[in-house]
Amino acid sequence: MGDADSGIWVFALMSAGAGVVTFWADRHNRASGALSAWLALMGLSAAWGGVTTAIGASQGSLMLSATLESSAILAGIEWGRRVALSAPGRWRKVTRALFLAAQILVLVFWGLRLGYALLFPDLAVSARPGMVPVSGVEFAVLAPLIGSVMVLGAIALVILLSVGIDRIERVRLRAFMIAAPLLLSGLFLQGPALPLLMSLGLLVFFAGSVRFMILQVARGARLRQFVAAEVAGLVQDDTALLEHRDRRQISIVACDLRGFTALAQQRSSDQVMALLERYYAQAGHIAARHGAAVKDHAGDGILMLVGAPVPVPDGAARALRLARALIDELHPQMQADAGGLGLGVGVATGEVSVGAVRGAGRLEYAAVGSAVNLAARLCAAAPGGEAWVDATTIEAAREAAVEARTPLMLKGYAEPVQPYALMPSPRT
């Protein structure tokens with residue numbers, strides 16, 4: 001076996017192994033799933049090319065080669081198409097259209113390769129040796145087609161790198177742009193240097209993929225400080241899932257501090273920031289324990305969602321348990337830590353619209369509906385150390401440990417709203 005043949009097998013093993021590692025490390029991410037398929041199929045295609053070179057080409061072997069190569073290209077383009085989901089506004093539509101057009105051309109390319117092997121078997125079998133075995137005539141016919149695929153893909157990738165896509169995915173795209181000329185050398189070159197060039201390209205790209213994984217882990221660690229583990233996993237694995245907008249019933253928990261404005265005037269900005277950091281962190285830990293997502297931090301106010309982005313079957317009951325935990329744990333801590341600060345909590349349940357909203361070059365998960373406003377209004381009205389809850393939440397959670405408070409005239413409501421004060425957890 002010559003050096004070139006050995007190099008083909010080394011590249012095939014590296015590529016297939018990289019695909020397996022990518023899938024194992026990030027199997028819940030749809031973009032990574034397509035990427036792992038591309039790497040694995042590229043390795044299989046190279047390995048089959050080595051087999052074809054060793055045993056001699058036949059009509060059947062060339063048809064299989066065409067299928068493996070086309071499948072690998074399709075999977076690679078699908079990775080780009082899924083990355084395009086994180087592009088803003090019209091750029092998402094433009095890049096996805098470019099990738100889709102490229103995939104259609106690949107299917108045409110595959111069909112022509114199969115047709116060539118069927119109609120002109122003698123010419124097809126006389127293919128030149130190498131990583132991508134095609135004859136001169138075949139190359140002349142199909143080169144413009146595969147060239148168009150590369151041009152469309154390159155345009156889409158340049159656009160994605162120029163607009164506000166997910167910054168972590170950008171790392172892999174940059175690595176691919178550097179590695180692409182080396183990985184595509186099999187379409188134009190042959191000889192002992194070819195496997196070395198393609199292996200070098202694979203190493204460059206895999207280095208970018210490793211960096212991507214490290215940043216993914218760091219992102220997940222930061223998210224898990226403030227949101228439930230399943231929500232952090234959802235964001236880390238597939239931001240496209242967050243972009244789906246729907247209307248569902250969720251519970252909203254809002255809390256803020258009593259006396260914070262006066263305290264902020266008495267302390268230095270560094271002291272206030274340190275206090276808020278402790279407050280946010282503790283509230284985030286409590287929210288995560290109860291399966292809630294911290295939606296917003298606004299000064300001393302925190303808004304938490306129970307039932308979005310991840311749906312839960314008992315959202316209202318969870319929200320009340322969360323409200324009790326905030327009063328039982330965070331309220332005493334704020335009183336002791338900050339010289340008498342109090343914590344007020346508001347809880348409301350209702351149908352809201354949830355999903356990602358783009359603006360100012362960033363992606364934000366939003367919840368819009370009257371229940372969100374009601375939770376904030378109840379929070380503002382509740383005295384320190386109390387959680388005020390609306391009737392819908394009480395009914396949905398079948399909660400009896402409440403006391404009715406005086407009906408309130410709230411901004412935006414034509415009729416008085418009946419709040420209920422949640423009784424503290426029983427002491428054991």
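The model is predicted, so local features need pLDDT of at least 70 and side-chain atom pairs count only at pLDDT 80 or more, while totals for chains, interfaces and linings use all residues. Residues are numbered from 1 along each chain as its sequence is written, and side-chain values use heavy atoms, with hydrogens and water left out.

Backbone first. Most residues other than glycine have a negative phi, and most peptide bonds are trans. Here, A308 and P309 are joined by a cis peptide bond, with omega about 0 degrees. P309 sits in the loop between β3 (301–306) and α13 (315–337); helices (H or I, at least four residues) and strands (E, at least two) are DSSP runs, numbered from the N terminus. R398 has a positive phi, near 55 degrees, and belongs to the loop between α15 (391–397) and β7 (402–404).

Two accessibility values, where buried means under 20% relative accessible area, exposed over 50% and partly exposed in between (1.4 Å probe, protein chains only):

| Residue | Relative accessible area | Class |
|---|---|---|
| R398 | 77% | exposed |
| I104 | 48% | partly exposed |

I104 is in helix α4 (residues 89–119).

Now the strand: what encloses β1? Ten of the 13 residues of β1 (residues 246–258) are buried, so the rest of the structure largely encloses this strand. β1 and β3 run antiparallel, joined by five bridges (strands pair if DSSP finds at least two bridges between them). Within that pairing, A254 has L303 of β3 as its bridge partner.
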